[in-house]
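Please keep the structure at hand while going through the points.

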Amino acid sequence: MSESSKGEFSRRQILTTAGLGAVSAVASGGMGESVTAQQPSQPVTPRGGTLPPQIEFPPISEKTEVDTGGPPTALPPERRLGFAIVGLGRLALEEIMPAFAECKLAKPTALVSGDAAKAKQVAQQYGIKPQNVYNYQNYDNLRNNPDVDVIYIILPNSMHAEYTVRGAKAGKHILCEKPMANTVEECQEMIDACKQANRKLMIAYRCQYEPHHRAMIQTIRNKELGTVKLIQADNGQHQGGDLNQWRLKRALAGGGSLPDVGIYCLNATRYLTGEEPITISAQTFSTPGDPRFKEVEESVTFQMRFPSGVLAICSTSYGFHEARRFRVFGSDAWGQLDPAFSYSGLRMMISRKSPTNSMAENASEVRMSEKNQFALEIDHMADCVIQNKQPHTPGEEGLQDQKLMALIYQAAQTGKTITLPRVSGLDVTRGPAPRTLK
Ligand code: NAD
């Protein structure tokens, strides 16, 4: 919330909501016709089984008190699905490996890395068998490893397609980091390879599994903001330091701020509305002479119009200090997450006109317990394999962002507004909403 908008509130009301239960039914819109669901014909998990029943306690507080969510319903270690982690970089070591400690259905069972010493050390830290450490050459031998059900690809963007295709051919389900790949053609190859191998493919759009984002989706779909008119989304951060890093190389990254962080804004406008844009215009800018931006762009702004009339204004940059937020402007109220795209510390605000004072706004913070987004996302993948369900963010979701990013670059290059065919229905590139695992 900006300083100026803070001053508009005559009263600050803090609401506390209970856990995630009410939010889990959000956006359960099914897959549209444009998506071909992967429906494996044989049982897909060797470890199988459904979740054990929830452990119940007698109530010790009033119904008006915050629901703690209850004790977790988790699978015992031997029945959890095994994940192979491919690429032991920052995200893998700082977020994903620790997140497994909060998973209920998944465990790390193999590592794939080009650095044998690092992989050995990480394997020791997480109790992964030494024989379950692979490199990029013998990666395909994962096919013979029954400890591994799912491969989680956390490599530079240009490598996502190759390791997805090889992983699917090795008979494993694939969870792949965003952006799905560098080109639309690569995304399609990944979808086709997984379909042909009868394996599931999920793109790791962590925000779509996160409680604040799910609550905002529900708020919008319930029309609690009235009719949504505009979404403003910004995601940017300084990128620099090592000029040799892959994010600054076009061949490895596919682009600059847009596929790396701008994709969060693009994806948010799509999952908040459930719609697909019908027009796109865009601008890019890179500071002349800045050695970071010889190959990839620094900043992008893009504007979209959606079939219902919602407008979106998005920005992303590798040049500005930091912004990771969105605000949704409805006819009756606005709702925002700021920060929205961070790993933790998300905050949700709703502001509407006071019913008793036409000069005043009622702003409420909607508070809910924080969950590890990565653990939720990983457990969703495991749940989809166990239940033989389509992931909420399948390959088709990543493909659609890739198509739109290509059009954003095209619009910026030509200076022309691009018109797209109208897609009817909501959430046409998404599988069923993730269920809440206690
Ligand atoms: P990183 O540079 O820290 O790690 C990349 C890993 O790939 C390293 O272990 C590196 O050794 C390995 N690698 C293999 N071949 C390589 C090559 N040719 N060049 C460079 N590295 C090579 O990157 P990261 O930040 O962990 O990002 C990895 C992926 O995760 C990217 O696709 C990125 O977009 C995604 N990511 C997602 C999130 C999220 O919140 N979901 C956050 C950060 C990164």
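1. A pocket, on a 1 Å grid over the protein atoms alone, is an open set of points with protein on both sides within 12 Å along at least five of seven lines. A molecule sits in a pocket if more than half of its atoms lie within 2 Å of its grid points. By these criteria the ligand sits in the largest pocket.

2. This is a predicted model, in which local features need pLDDT of at least 70, side-chain atom pairs count only at pLDDT 80 or more, and totals for chains, interfaces and linings use all residues. Residues are numbered from 1 along each chain as its sequence is written, and side-chain values use heavy atoms, with hydrogens and water left out.

3. The shell around the ligand holds 22 residues, of which R90, N157, K178, R206 and W246 come nearest; a residue belongs to the shell if one of its heavy atoms lies within 4 Å of the ligand. Helix 2 (90-99) and helix 8 (257-273) are the elements that give two or more residues to this shell. Helices (H or I, at least four residues) and strands (E, at least two) are DSSP runs, numbered from the N terminus.

4. Domain 1 (11-204) and domain 2 (208-371 + 394-419) each supply at least three residues to the shell, the bounds coming from an automatic or database domain assignment. By class, the shell has 12 nonpolar, 3 polar and 7 charged residues. Here Ala, Val, Leu, Ile, Met, Phe, Trp, Tyr, Cys and Pro count as nonpolar, Asp, Glu, Lys and Arg as charged, and the others, Gly among them, as polar.

5. Which side chains make polar contacts (N or O atoms within 3.5 Å) with ligand oxygen atoms? Among them is W246, with a polar side-chain atom 2.7 Å from a ligand oxygen. For Y264 the distance is 2.9 Å, and for R247 it is 3.0 Å. Taken alone the ligand exposes 830 Å², and the protein buries 78% of that (Shrake-Rupley method, 1.4 Å probe).

6. Most peptide bonds are trans, and most residues other than glycine have a negative phi. Another cis bond joins D338 and P339, with omega about 0°.

7. N198 has a positive phi, near 60°, and lies in the loop between helix 5 and strand 7 (201-203).

Key
Polar contact = N/O pair within 3.5 Å; in protein donor to acceptor, adjacent residues only side chain to side chain. 1 Å grid on protein atoms, 1.4 Å probe; cavity = no way out; pocket = protein on both sides within 12 Å on 5 of 7 lines; lining within 4 Å.
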